[in-house]
Amino acid sequence: MVFAKSWSRGSLARRYMVAALIAALVPLLIISVLYDRYAADLLHRVSASRVEGETEAVAARMSSFLSGQMNRLENIADLPATAAFLRAGAEQPIDDAYFDFLLLEAESPEVYGIELLADDEHLLAAAPSGAGKRESIPVMAPFVRHGGADIIGPILPENGRPGWFLIRMPVTVDNQPLGFVMMRLRLASLTEQMAPLSLPGIRSPQLVVFDRLGVAATGTLAAAGEVLQSSAPILPGWRVQLVAETGRLDAPRQNLRLTLLLLAALLAAAMGALFVQMSRRLSGYLRPLRDGADAVSRGDFATPVPDNGPGELGSLAQAFNHMRRQLREMINSRVDMERRGALGDMAAGIAHEVRNPLATVSTTIYGMKKSEPDPDRIVMYDAITDEIERVDRTIEAFLKYARPAAPVKSRVAVREVFRSLRTLTAARLMERNVTMNLAGESRLEFEIDPTHLRQILLNLVLNAVEAMPDGGVISLTVLRQNGEVVLTVADTGAGMDAPTLQKVLRPFFTTRAGGSGLGLAVTAELVRNNAGTMNIDSRPGKGTVVTLTFPAHKSEAPE
Amino acid sequence: MRALLILLLMACPALAQSAPVKVGCLFPLSGSGGLYGRDSTVAIDMAVDWLATQEGYPELQVDVQDSRSKTLRSLQIARRFVEEDSVDFLCGVVSSSVALTVSEYARKSQTFFIGTDHASPTLVGAARHPWYFRVNNDARQSMRAGAKYIAEHYKRGAPLRVAFIGPDYDYGYQSWDDIRRFLDEEGVAYTPVSAYWPKLFDTDYSLYINALMQDAPDILVNAHWGLDLVAFVRQADQLGLFQNMQFMNFDAGGNYEILADLGEDMPEGLILSARHHVNWPDTRHNAQFVKEFYARTGRYPSYAAAGAWSGMIAIATAVRQAGGTRDTAALRLALKHLQLKLPEDPEGFSSRMDPTSHQMLQVQAIGRTLPNPDFAPATMMLGDISVYPPPDIWPAD
């Protein structure tokens, strides 16, 4: 439980490290187990206890093979025809039937040929006919006398001919030697019987004669080596031995070990590289998030973090950006509310401390003007009165901005609003040589405070007129789009550049001499109070388009 | 002189005998190698039928007996052919060891023996006699072509490591002697690393394949034939031998029967040859021979069929040129200078008998196994063929 908590709280990088180590260690463990099993199996296969029985069985089969061949030769030696032929010597050609019998005996693949020799060992006949033309017996050939027969050889392959050995048996009648029958045998037919003992690369069986001549299972010369097992003699001085192929045994094991070690090292290196790469990639995705969080903590809500990361990291970045936007709006809203609260208090103070004295001053001026005979002074009193009224209007606008009246919504026909707007502004439009076009769905009706709507549109139209000192066109349109009412006020006036556009909604910001700088701020506030949005698009020299969007149906005003 | 002699023989007297020429053939018709005998019998029938349509050739009366590739049985059949049936010719014999015994009997009985399939050079070398002629290429010519192929295709600095494996009888011994002899003659730098002789008609070669893989030669020259070769290739492929060395069999490996028997088990890239190919030479004569054989049997011929065809055509031609079978000297002279146009002869070449050795001299074509579906059930056929004309005279020992 403690571990689980610790694990879940641990850094992601550490978790990757542990995962990488596990991923590297598990295959290594498997490989080690496999290698261990291989080594154990190898040991088992070469263990003397297991092969002893097999070696003796093979030796017994080889001994039996030799006995069979000797028995066959003995049968030939015992034939009266053999004695008759040898007694006649070279003077008499071999009888067809007897030759056929010898040929039949020699037809076995184990037998190269059967030869009949005179008492002085010179060749009298051979079956097949060419058999006697084979190699002569080397002087130093091993010689064994066993069971009444001479075993000569083995003679190893030489001059491109396979190895062989001889079984020679004397032919006697009444203890009088007549000659010999001799069978030339294929050496590999004897040695091939050792094949089941062979494990290539591990051990090889050998027929060892007089401890100096080793013959492999293929009937070829065998290299000496460490003797693992030796059988009982199959003939005097002939035995089967199992020899370890030392070099061949060690080399594959060493190669295997090196291969396994190399594999393990490569695996570890690959896992390390993979981890580093994964760590870098992860850091690459996490660092912008950390920087973004730092920026938010510094009050920078404007800089987004890249959200193109893979999987959950991308989702996290998107969620972070969403959070940043929500936070910004929430803070802005809170600040705005507090600012409004402060402005409201200040507005109440101004209304009380400035407007009341101004009303007294205005009344007094009015009285003084009534009793003033001097026309010049009357002009001065009028000027004072105008200025007092201008100050009063500004205070009135400021009060509207700071403490806007709650909207009282009713069903408003846009056509009626447009008509009263045209009436209210007709003189001003004519004076400035401005044309106003009305377009769109003139019968459209929607829920809004009618006073607020008139004020909004009036402010926007008057602003447009001010933007066109040399005349122009104002276009008012109303449309229903996607369940909303969209009102646009477009002019062909001077337009605004981007910096001006950014500041245009701030209270007291104005580009006109004598302007209060509250018109658009109040307008925006009225729009917001009626659950609408206002968007201003303007280009210098091209004009300005203000787009107002209100819900078509009655909705609650924002709190 | 030789040309004059041939002209004289061509202007032979009219056939003096009307009795059919009696031919006793020995082929294995059952057991291992039985297909060679059966293919030979079909080709003999084809030859007899064809000769019957030609003017001036004697009628052949051919008796084919199943030798089962056994020496004593073959000797007894040969004796019966000669002593009871009074045949004019012995023919056939697949195994060289059997052929040596039959040939020895032919010498003793003074009967012509026309060898059609066996290939040991000993029969036309140390065991040559006036009554023996062979009408198929022998292993010596195959090995000579093989050595030339190696010399042409394996030019490199380090000596080639060459190993050998072949059946444990005279044919195998001679093949190993000859490939070394001709590699020396071609000036190929090589080292013989090992030589193995499994017994003829063996079925398990794993002992020798493992030994060869431990010897790790560059080239393995193989002299197996028939089912021995099929078994060896199949086992060697399973044990991965072909990935470690280049396998070559210059005498019998490319025989159609081997390619068909192995089917999809025949690996690509083995270097093989045969005494007759069903897809080479691309001549009308060869195509007709293959087509006729296929029409009669529903299968493509092994090289034994071409050998038997050659044997029959050789006997008929020699008897025609000698004016009969009675004058054995004339018959021998005709055989000595025999020149035949055979299916295995490419354009512009005719097989000809070497008068000294009594060995037919023929072109040898060596190729590489490549995918080829044209002769099903074989999936691989020889392609990328290299052609080697025979020497002017047979290379004696």
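In the predicted model described here, F143(A) stands opposite I152(A) in β4(A). These residues belong to β3(A) and strand β4 (residues 149-155) of chain A, which pair in the antiparallel sense over four bridges; pairing requires that DSSP finds at least two bridges between two strands. Helices (H or I, at least four residues) and strands (E, at least two) are DSSP runs, numbered from the N terminus. In this predicted model local features need pLDDT of at least 70 and side-chain atom pairs count only at pLDDT 80 or more, whereas totals for chains, interfaces and linings use all residues. Residues are numbered from 1 along each chain as its sequence is written, and chains are lettered from A and ligands numbered from 1 in the order in which they are written.

The β3(A)-β4(A) pair is part of an open sheet of six strands with antiparallel pairing, in the order β2-β1-β6-β5-β4-β3 (chain A). Its edge strands, β2 (123-127) and β3 (143-146) of chain A, each pair on one side only. On average, neighbouring strands of this sheet are turned by 20 degrees against each other, direction ignored. Axes are lines fitted to C-alpha atoms, for helices over the stretch in contact, and angles run from 0 to 180 degrees between N-to-C directions. Helix α4 (residues 80-88) of chain A lies across β1 (111-118), β5 (164-173) and β6 (176-186) of chain A and runs at about 110 degrees to β6(A). Across β1 and β2 of chain A lies α5(A), running at about 140 degrees to β1(A).

D100(A), L103(A) and L104(A) in α5(A) meet T71(B), L72(B) and L75(B) in α3(B).

A further open sheet of chain A has five strands in the order β12-β14-β15-β17-β16, with mixed pairing. At its edges stand β12 (434-440) and β16 (533-539) of chain A, each with a single partner strand, so one side of each is left without a neighbour in the sheet. The twist averages 15 degrees from one strand to the next. Seven bridges join β16(A) in the antiparallel sense to strand β17 (residues 543-551) of chain A, and T549(A) in β17(A) is the bridge partner of T533(A). Helix α10 (residues 414-431) of chain A lies across β12 and β14 (472-481) of chain A, running at about 175 degrees to β12(A).

Within chain B, helix α2 (residues 34-52) and helix α10 (residues 284-297) pack at an angle of about 115 degrees, with their axes 11 Å apart. V42(B), A43(B) and M46(B) in α2(B) meet E292(B), F293(B), R296(B) and T297(B) in α10(B).

How values were computed: Two residues are in contact if their C-beta atoms, placed from the backbone, lie within 7 Å.
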